[in-house]
Amino acid sequence: MTVSPQPDERELLEAFESTIDRNDRIEPRDWMPEGYRKTLVRQIAQHAHSEIIGMQPEGNWITRAPSLRRKAILLAKVQDEAGHGLYLYSACETLGTSRTELTEKLIAGAQKYSSIFNYPTLSYADVGTIGWLVDGAAICNQVPLCRTSFGPYGRAMIRVCKEESFHQRQGYELLMTMMRGTDEQRAMVQESVDRFWWPSLMMFGPPDDDSPNTAQSMAWGIKRNTNDDLRQRFVDMTVPQAKALGVTLPDPDLVWNEERRAHDFGTPDWAEFQQVIKGNGPCNAQRIAHRRKAHEDGAWVREAAMAFAARTHEPEETTHDR
Ligand SMILES: [Fe+2]
Ligand SMILES: [Fe+2]
């Protein structure tokens, strides 16, 4: 019996690198370095968890929406986020890591999600601010990921980004409506923007000189831009929108720099960011407890689905009389 010769690791690595260099996609069946797989699982899982945990701050307001129209919009938005989480868990499954395993890691506190969802939503204006700033920051982060080197992740991002732009618009439209309302409503919007501005800037992650994984992720074509580059883009995109809304962004150092053709801006409180990442943000414990309870409450659904699947897969003779 002859054994077909196996390509050695060096050849496989060369083929992998030339795919990356051509800006082609790596697909699940392709050989990939272990580090590439691990980095992707970590990043996609973190992204999936963010979509799922991100349903909570806004879900908090569904039963208290001020009108049927606002409720329908918010319900649709929160359901979209559930869908995003599911596409991303599926993308992770193509790398050999199951959704069950990822969910268990999330509720055990062993995997992260975006720091922004550990802040509370204190008024209905927060629904608008989250759509405008948080989904806006997500778009800045995610549009370049449509070109990421791993096929299933990039393709999931294309659909996600289309829905994110609806999210941003609904948020902006809500804030614009409030800004055209009473003084009290305008004050609610400003107060909300004051709370969410800095945490939104933190969504891009630590500064580049403190981001150890960025260089490797960029070399692998997983990331296409650095954290600081994306943060700058977000600021430049948001300033004219804030002006059109009539809100003030709470940063005294925010100013147009003609030479750089970009805005200069202040430094987020990175010590606060580190605290939130470590689990000490205002809502970390509440978010995980809620997710754990939802998972436990859903156990009967998973069991029923498994029992149903087992029954429908029984051989035909045992289920039908002939
Ligand atoms: Fe999303
Ligand atoms: Fe969204």
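Glu81 bridges the iron ion (ligand 1) and the iron ion (ligand 2), which lie 3.4 Å apart. This is a predicted model, where local features need pLDDT of at least 70 and side-chain atom pairs count only at pLDDT 80 or more. Residues are numbered from 1 along each chain as its sequence is written.

**The iron site**
- Glu51 (OE), Glu81 (OE), His84 (ND1) and Glu164 (OE) coordinate the iron ion (ligand 1) at 2.0 to 2.2 Å; donors are N, O and S atoms within 2.8 Å of the metal (3.2 Å for Na, K and Ca), and water is not among the atoms, so sites may look incomplete.
- Along the chain, the donors of the iron ion (ligand 1) follow the spacing E-x29-E-x2-H-x79-E.
- Glu81 in helix H4 and Glu164 in helix H7 (residues 151-179) are 83 residues apart, so the pair links distant parts of the chain; helices are DSSP runs (H or I, at least four residues), numbered from the N terminus.
- Glu81 and Glu164 are buried, meaning under 20% relative accessible area (1.4 Å probe, protein chains only).

**Aromatic contacts**
- The structure holds eight aromatic pairs, counted for rings of Phe, Tyr and Trp (its six-membered ring) with centres within 6.5 Å.
- One of them joins Trp61 and Tyr124 edge-to-face, at 5.9 Å centre to centre and 90° between the planes; edge-to-face means planes over 60 degrees apart.
- Trp61 and Tyr124 are buried as well.
- Ring pairs also link Phe16, Trp31, Tyr36 and Trp220 into a cluster.

Definitions and conventions. Chains lettered and ligands numbered in written order. Heavy atoms only, no water. Phe/Tyr/Trp six-rings, centres within 6.5 Å; stacked < 30°, edge-to-face > 60°. Buried < 20%, exposed > 50% of the residue type's maximum accessible area, 1.4 Å probe, protein only. Helix = DSSP H or I, 4+ residues; strand = E, 2+ residues; numbered from the N terminus.
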